[in-house]
Amino acid sequence: MKFAFSEISLPKRGSLAVTVYESNELSPTAKAVDKASSGLIQKALKTSRFKGKKGDYLEILAPEGLGVSRVILIGIGKLSELTQTDVEAAGGSLAKKLNSAGAQGVTVILDEMKLKGLKVTDLAASMAFGAKLGTYRFRKYKTDDEENSAPTLTRMTVSCKGSAAARKAFADMEAVAEGVFLTRDLVSEPANELYPESFAARCKELTSLGIKVEILNEAKMAKLGMGSLLGVGQGSERESSLVVMHWNGLPGKRAAKEPLAFVGKGVCFDTGGISLKPGPGMEEMKWDMGGAGTVTGLMKALAGRKAKVNAVGVIGLVENMPDGNAQRPGDIVKSMSGQTIEILNTDAEGRLVLADALWYTQDRFKPKFMIDLATLTGAIIISLGHENAGLFSNDDGLCDALFAAGEAVGEGVWRLPMSKDYAKQIKSPIADMQNIGTGGRGAGSIVAAEFLQKFVNDVPWAHLDIAGMAWSKADKPTVPKGGTGYGVRLLDRFVRDNYENS
Ligand code: BES
Ligand code: MN
Ligand code: ZN
């Protein structure tokens, strides 16, 4: 879909969307349309449940005297309560409905509104952003898409006063959306297509945006002593790899110094290994690389909008398979940090991958902070469902900033506790630690975070357990079901608000 921004004027064809505020107070353009069509809107409102509330939607077909093929009323609700994410949702819903109705082009008009701390030009950009995010489809493997289900909407024009500013704001948002889409694509790919080597090749494509990409193969990782990560991949025919992506958006001397660091779990398929998972639902484990997918999409977003920061993305790519060479329960491996790990369950593999990826990242880059993302535990879905990612951290400031960014973009995080008492659970009688806790089903996500912290020194660190967030079974206005791209917007906003204004 193509997006355009223009000053306010009534279109002569296509679909027209106008806004209605709370209690059916018509916006200036809605009033003008009503007048030009001898009271059509007021008549339609009388025969409908539409009340101008947030999310309300009313379509009037073939209006007489107007030229356009349909007029859509979008409920905005109370202006004092309006947020950017509300407008994104409106844009997503609008585009989706127009696609199923068979419309080809739409003009959305946003009049001047009395808003607290929001600019109408930003809202116009958000309307387009929401439409873009909401109409994403992963269609690559559909060779016989029936005519009727193919999207029809090819153009959205958003009109407001000062539209040049809206166009400018949207350019950055579009770059972020491209990052989100890369993550969704990666997460949606099946594991026969997306495995460590092909994933790394997708990362390599980002060089065209100015990202430097390094790929460490198994031999290189063995030299570095990454026994923990390599142990996970040793039962797979596919070679493991570690990909390092550099975005240097700060010029000159400051280049590459103290970067922001993002680390991702990239288990391209998780069978559980010898501690094999049950069959039903195992196909979901194709998206066990969601953390790595988000880091990769984030790097694309940052580079795409030329963010003024230096950032590195490090992703550990493996496939967790059971075979004659696979790691066994009881095996002991040595991590790059030098610490030894007793493997009591080969299905607790994500933490083993991150152990070496985190250590490598802090050791090599001395980053300002490290944030890792991982579909790490089923337990986090028990705690938080699909509404928030679990947040674990050694730094209160980092937590506050992540929480605020999450609120702003509608990608929530919720902090869970960490303490020595939980860490006790991973003491091993025979090695420096073991990879699962002694507490059975209790506090599984926290124990996993305690394990990760053993591979973090003094650097501010946060861990996001996104097992409940990377994939969605339900459609939402800006997030179609399937791979969600969760975390790209959260971290892009976090970077933008905290590191780009200095
Ligand atoms: N990838 C899974 C976690 C997961 C489960 C992600 C469901 C998304 C949906 C992870 O590798 C895993 O298997 N974790 C185990 C840990 C346990 C063995 C301590 C789990 O959650 O059961
Ligand atoms: Mn597992
Ligand atoms: Zn896993």
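How many residue pairs are in polar contact between domain 1 and domain 2, counting pairs with both residues at pLDDT 80 or more? In this predicted model, the count is 7 residue pairs.

**The two domains**

The domain assignment of the protein gives two parts: domain 1 covers residues 2–160, and domain 2 covers residues 177–498. Their C-alpha centres lie 38 Å apart. Where the two domains meet, 16 residues of domain 1 are in contact with 20 residues of domain 2. Carbon and sulfur atoms give 60% of the area buried between them, which is about 1,500 Å² in total. The interface also holds 3 salt bridges according to the rule applied. The table gathers the values that describe this pair of domains.

| Feature of domain 1 and domain 2 | Value |
|---|---|
| Distance between C-alpha centres | 38 Å |
| Buried area | about 1,500 Å² |
| Salt bridges across the interface | 3 salt bridges |
| Polar contacts (both at pLDDT 80 or more) | 7 residue pairs |

A salt bridge joins the side chains of Glu88 and Arg489, with an N to O distance of 3.0 Å.

**The cavity**

The structure holds 1 cavity of 30 Å³ or more. The largest cavity contains about 60 Å³ of space. Among the residues that line the largest cavity are Gly231, Val232, Gln234 and Gly235, together with Asn320, Met321, Thr346 and Glu349. By residue class, the lining of the largest cavity comprises 7 polar, 4 nonpolar and 1 charged residue.

Technical notes. Residues are numbered from 1 along each chain as its sequence is written. Chains are lettered from A and ligands numbered from 1 in the order in which they are written. This is a predicted model: local features need pLDDT of at least 70, side-chain atom pairs count only at pLDDT 80 or more; totals for chains, interfaces and linings use all residues. Side-chain values use heavy atoms; hydrogens and water are left out. On a 1 Å grid over the protein atoms alone, a cavity is a set of points where a 1.4 Å probe fits but cannot get out, and a pocket is an open set with protein on both sides within 12 Å along at least five of seven lines; lining residues have an atom within 4 Å of a point. Grid points are joined across faces, edges and corners, and a volume is the space filled by probe spheres set on the points. Ala, Val, Leu, Ile, Met, Phe, Trp, Tyr, Cys and Pro count as nonpolar, Asp, Glu, Lys and Arg as charged, and the others, Gly among them, as polar. Domain bounds come from an automatic or database domain assignment. Contact means heavy atoms within 4.5 Å. Buried area is the accessible area (1.4 Å probe) that two parts lose on being put together, summed over both. A salt bridge is a side-chain nitrogen of Lys or Arg within 4 Å of a carboxyl oxygen of Asp or Glu. A polar contact is a pair of N or O atoms within 3.5 Å; within protein, one must be able to donate a hydrogen and the other to accept it, and residues adjacent in sequence count only if both atoms are side-chain atoms.
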